[in-house]
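Hi everyone, thanks for making time. Let me put today's structure on the screen, and then we'll walk through its aromatic rings together.

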Amino acid sequence: MNCCFTGHRPQHFPWGNNENDERCIKLKNLLNEVIEQAILDGYTDFYSGMALGTDIFAAEIILEKSKSNPQIKLHAVIPCMDQPDRWNKSERARYKKILKYCASKTVI
């Protein structure tokens, strides 16, 4: 079964890019719980739009879970080839690291 993730970008979070903010940590914990439940419900293929914010958070959680469960696959659905071009260096590195471990990459 398939599951897709998308959500807010950092500029729309009250905490911005501060992933150490307790609200961001709470969001990541909630995403983790939702993804864990989806896996228990039989979902194995997860799709991310790879945008900064929620998409990236979910992708990282899925990749972490795939380490202990090889049935879990992350698929990148990339809106355009230049998606990360305006991001800072660390954001681009994070993006590339995630892409490296995706089961598939599709540019739409």
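**Rings and their neighbours**

Let's start at F57: K28 lies over the face of its ring, 4.8 Å from the ring centre. A charge counts as over a ring when NZ of Lys or CZ of Arg is within 6 Å of the ring centre and within 35 degrees of the ring normal. F57 also belongs to one aromatic cluster with F13 and W15.

A quick word on the source: this is a predicted model, where local features need pLDDT of at least 70, side-chain atom pairs count only at pLDDT 80 or more, and totals for chains, interfaces and linings use all residues. Residues are numbered from 1 along each chain as its sequence is written, and side-chain values use heavy atoms, leaving out hydrogens and water.

Now, how many aromatic pairs are there? The count is 4, where rings of Phe, Tyr and Trp (its six-membered ring) pair if their centres lie within 6.5 Å; planes under 30 degrees apart are stacked, over 60 edge-to-face, and the rest tilted. F5 and F46 are stacked, because their ring centres are 6.3 Å apart and their planes sit at 25°. F5 is in strand β1 (residues 2-5) and F46 in strand β2 (residues 45-48), so this pair ties together parts 41 residues apart in sequence. Strands here are DSSP runs of E, at least two residues, numbered from the N terminus.

Are these two buried or exposed? F5 is buried at 11% relative accessible area, and F46 is buried at 0%; buried means under 20%, exposed over 50%, partly exposed in between (1.4 Å probe, protein chains only).

Definitions and conventions:
Helices (H or I, at least four residues) and strands (E, at least two) are DSSP runs, numbered from the N terminus.
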